[in-house]
Amino acid sequence: MTVDAVVIGSGPGGSAAADVLTRAGWSVVIFEKGRNHLLDPGDPTRPAADYSNDEIKFMHRHFLGPDPFLEPRTFRTGPEEGERSHVGEVNSIPSTVGGGGTHADGKVPRFREDDFRLLSTLGPQPEAAGADWPIAYEDLEPYYAEAERAVGVAGEAGANPYAAWRSGPYPMPPGPPMYGATLSAAAAEKLGLHPYPAPTAANSVPYDGRPACNNCGYCSFFGCPIHAKGDPVALLTRVMATGRAELRPETFVSRIRTSGGRATGVDFIGPDGVERSMGARHVVVAGGAVETPRLLLLSGIEHPLVGRHLMVHFQTIAVGMMAQRLHSQRGRAVTHVHDDAIVGDEASRRAAREAGLPWMRGGMVEHGGASLPIVEAKIYPWGEAHQALMADSPLRERLWAFIMQGEDLPYPDNRVDLDPAVRDVRGFPVARVTYRGRRHELAASAHHGERLQAVLREMGAGWTAVTTSPGTRHVGGGTTPVPESRHVIGTTRMGTDPATSVVDSWGRVHGLENVVVADSSVFVTASGYGPTLTLVALAARAAAGLAGTTLPVVGPVNGSG
Amino acid sequence: MPVWLTDQEYRVLESVCARLVPAIGARPGAREVGAADYIDRLLGAFLFDPPLIWAGGPTSGRAGGEAAFGRFHRLTRLDELAWRTRIEGSRGIPEREFNGPVAGLQQRYREGLAELGPGFCDLPPEEQDAALRGLPELVDLVYGHVCEGMYGAPEYGGNRDGAGWAGIGFAGDVQPRGWTDAEVSGP
């Protein structure tokens with residue numbers, strides 16, 4: 001059996017690529033190593049009913065995978081720690097049909113024009129392998145617009161003064177603001193910042209046959225029980241409805257077969273544990289920026305840059321204790337963000353100079369986040385105080401948080417490779433992540449952490465504190481250096497020169513032109529924005545390049561901010 | 001009646017639960033909401049078919065909709081391998097030891113509760129607390145599960161009748177009702 005394309009990974013990237021290819025008439029087989037809890041097994045053009053408001057299943061029992069026993073990863077901050085310092089969960093995006101889209105709370109911002117040309121705009125940084133992207137924002141804009149329509153994005157054009165230009169409005173208006181966010185947004189505005197409704201792939205009105213979000217609050221880390229989150233169920237049901245796609249869950253692709261500069265197919269292990277092969281005219285790799293380089297390395301595709309330049313967003317978490325209850329479990333987890341730390345100002349430029357840096361970039365700041373009682377309870381001590389703490393609920397009901405998705409720069413030594421000893425359940429070497437923040441990330445975090453605490457004080461917080469993920473080991477005793485971010489980026493970077501990049505501007509692996517990477521591995525820089533919408537747009541563009549169905553590129557449209 | 005623990009182990013575990021999260025006034029503690037049943041059903045998850053690992057969806061019936069949480073998910077071969085290894089330990093079985101031996105929850109509970117001994121139940125509270133402080137690894141293990149048994153969905157065996165949620169004023173699962181826009185945006 002030889003299909004037009006094998007797609008490896010059913011997350012937002014693989015789904016977007018399969019959508020374009022099936023609409024172009026291609027036959028596609030989608031391999032997904034995790035289980036299917038997203039689509040109705042009897043009718044895969046409809047969503048399943050497996051998701052629920054169940055904290056145990058989603059937060060404490062690995063329902064969406066990966067199970068860290070079956071598929072561990074390993075971590076170290078650098079070779080001086082030896083082969084690894086941690087085995088278990090590392091940057092674990094769900095391993096399930098729908099991938100990372102299933103568990104996210106659906107914030108889907110676009111990047112800005114500058115994000116694609118950081119090196120030429122701002123210049124180099126010490127240690128970092130800075131580079132411009134081989135494409136510009138305007139090359140991607142039609143695919144951004146299409147992605148927003150496909151997954152259904154609620155937002156308000158013009159609300160963010162720093163936004164890139166848009167060819168049209170958001171498909172839906174924003175949903176209701178969360179109570180705490182109304183307070184933090186007002187405080188941020190008072191201090192000269194520019195909060196705006198987060199562009200969110202959760203329906204604010206019925207859209208594309210799916211209902212409006214009913215604010216249940218089980219959003220981050222949960223699948224949506226009513227499928228009001230469009231990413232990626234909207235794409236996958238559309239793919240399956242073409243009749244040209246086959247979805248194979250619980251099936252691990254162990255190798256891309258190559259011959260004479262082309263891929264010929266894949267080896268895979270299905271639910272029965274038996275290894276088989278399938279021929280393919282094209283191979284689309286969309287495993288995410290940890291599993292994608294792992295598969296390329298398992299396949300013997302050993303470009304020296306495969307796995308390098310891993311970025312995860314250096315997260316700064318500023319928290320403040322409020323007197324009143326904020327009921328953060330009602331709503332979409334995060335309804336407001338601001339971009340001021342990305343754009344920078346005189347104060348941040350001064351902080352960069354004082355840190356000895358040519359420039360400094362923060363990231364999108366998320367206002368708030370949902371919290372649930374089991375997570376809260378485990379933080380409190382046992383004994384007589386437990387019940388009083390849970391009832392008063394400082395951590396779940398009164399703590400307000402800003403999380404800055406700090407742009408981390410591409411460093412060659414922050415990387416994914418194959419662990420020399422630890423294996424997955426099928427016997428294959430697991431991915432090892434080597435990562436630490438450098439001077440740029442630490443300085444930007446320190447500067448913006450202070451400023452975010454000032455916003456919390458303006459909001460009325462009695463006390464404030466700041467922490468980071470990955471933790472920096474010199475702060476306190478209990479922080480862990482393993483990054484908790486699920487934003488993984490940059491491990492097969494795109495470019496025109498095969499000596500300095502792994503894939504070309506259409507996602508094709510240099511020297512293997514029928515292998516396309518369709519996930520955030522191809523990003524050249526991380527930006528300070530969540531990667532999902534950009535990776536969906538890039539995956540759709542890469543697939544359109546394969547199928548010859550590219551969209552026309554138009555220039556900036558004035559006044560559509 | 002415990003499903004996996006012996007009656008004696010169950011009584012010791014209940015006494016541990018009562019010290020980890022004591023009842024305060026009218027607010028029930030871990031013993032009152034059945035956290036020991038949650039733990040017992042985790043340890044004995046594979047005595048049920050399907051095993052009591054992942055409750056069903058999309059709704060529990062508590063906020064409308066169908067009472068579907070009680071229909072636990074079937075496990076795949078690999079799911080079962082992971083959860084049997086986690087609960088039963090690797091026991092020298094090669095397919096469970098691809099990264100080395102794993103001590104199971106059953107063994108850790110059985111040994112820990114034996115270390116406390118049946119006399120634990122009859123000690124005064126201060127002496128119970130002192131005994132627990134002497135076994136920090138056991139307490140870490142049990143306390144995590146006690147929190148799940150206090151505030152997790154009742155279908156897993158704890159949080160009896162939602163009493164854990166009611167005690168802290170938490171609504172629990174809310175689909176398909178959700179929250180109104182006013183409940184989201186207002187104080």
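Biologist: At what angle do helix α5 and helix α15 of chain A pack, and how far apart are their axes?

Modeller: In this predicted model, the two partners are helix α5, residues 137-151 of chain A, and helix α15, residues 532-547 of chain A. Because angles of 65 to 115 degrees count as roughly perpendicular, α5(A) is roughly perpendicular to α15(A). The packing angle is about 110 degrees, and the axes lie 8 Å apart.

Biologist: Is the crossing of α5(A) and α15(A) left-handed or right-handed, and which residues of α15(A) make the contact?

Modeller: The crossing in which α5(A) passes α15(A) is right-handed. From α5(A), the contact draws on L140(A), Y143(A), Y144(A), E146(A) and A147(A). By class, the contact of α5(A) with α15(A) holds nine nonpolar, no polar and two charged residues. On the α15(A) side, the residues are L533(A), V536(A), A537(A), L538(A), A540(A) and R541(A).

Biologist: Which helix of chain A gives the largest share of the side that touches chain B?

Modeller: The contact between the chains takes 49 residues from chain A and 46 residues from chain B. On the side of chain A that touches chain B, at least two residues each are supplied by α2 (55-60), α6 (179-190), α11 (373-379), α12 (385-392) and β16 (415-423) of chain A. By class, that side of chain A has 24 nonpolar, 13 polar and 12 charged residues. The largest share, five residues, comes from α12(A).

Biologist: In what order do the strands of the open four-stranded sheet of chain A lie, and which strands stand at its edges?

Modeller: The four strands of this open sheet of chain A are in the order β6-β5-β17-β16, with mixed pairing. Neighbouring strands of the sheet are turned by 30 degrees against each other on average, direction ignored. Two of the strands have a single partner strand each, so one side of each is left without a neighbour in the sheet, and these edge strands are β6 (86-88) and β16 of chain A.

Biologist: Which helix of chain A packs on this sheet, touching β5, β16 and β17?

Modeller: Within the sheet, strand β5 (residues 73-76) of chain A and β6(A) run antiparallel and are joined by three bridges, and R73(A) stands opposite G88(A) in β6(A). The helix that packs on the sheet touches β5, β16 and β17 (429-434) of chain A, and its direction makes about 70 degrees with that of β16(A). That helix, residues 288-298 of chain A, is α8.

Biologist: Where in the hairpin of β10(A) and β11(A) is a positive phi found?

Modeller: Strand β10 (residues 262-269) of chain A pairs with β11(A) in the antiparallel sense over five bridges, and F268(A) has R276(A) as its bridge partner in β11(A). The hairpin has five residues between the strands, and the phi value concerned is near 80 degrees. The residue that takes this positive phi is G273(A).

Biologist: Which residue of β20(A) stands opposite V285(A)?

Modeller: Strand β1 (residues 2-8) of chain A and strand β11 (residues 275-285) of chain A pair in the parallel sense over six bridges, and the bridge partner of I8(A) in β11(A) is V285(A). Three bridges also join β11(A) to strand β20 (residues 512-517) of chain A, and these two strands run parallel. The residue of β20(A) opposite V285(A) is V517(A).

Biologist: How many helices and how many strands does chain B have?

Modeller: Along its principal axes, the C-alpha trace of chain B spans about 50 × 45 × 30 Å. Of the 187 residues of chain B, 42% count as buried. The count for chain B is nine helices and zero strands.

Biologist: At roughly what angle do α1 and α3 of chain B cross?

Modeller: Helix α1 (residues 7-20) of chain B and helix α3 (residues 35-43) of chain B have axes that come within 9 Å, and their crossing is right-handed. In the contact, Y10(B), L13(B), E14(B) and C17(B) in α1(B) meet A35(B), A36(B), I39(B) and D40(B) in α3(B). The residues of this contact divide into six nonpolar, no polar and two charged. The crossing angle is roughly 130 degrees.

Terms used: Residues are numbered from 1 along each chain as its sequence is written. Chains are lettered from A and ligands numbered from 1 in the order in which they are written. This is a predicted model: local features need pLDDT of at least 70, side-chain atom pairs count only at pLDDT 80 or more; totals for chains, interfaces and linings use all residues. Axes are lines fitted to C-alpha atoms, for helices over the stretch in contact, and angles run from 0 to 180 degrees between N-to-C directions. Angles under 35 degrees count as roughly parallel, over 145 as roughly antiparallel, 65 to 115 as roughly perpendicular and the rest as oblique. A crossing is left-handed if the near helix is turned anticlockwise from the far one by less than a right angle, and right-handed if clockwise. Two residues are in contact if their C-beta atoms, placed from the backbone, lie within 7 Å. Ala, Val, Leu, Ile, Met, Phe, Trp, Tyr, Cys and Pro count as nonpolar, Asp, Glu, Lys and Arg as charged, and the others, Gly among them, as polar. A residue is buried if 20 or more other C-beta atoms lie within 10 Å of its own, exposed if 12 or fewer, and partly exposed in between; C-beta atoms are placed from the backbone. Two strands pair if DSSP finds at least two bridges between them.
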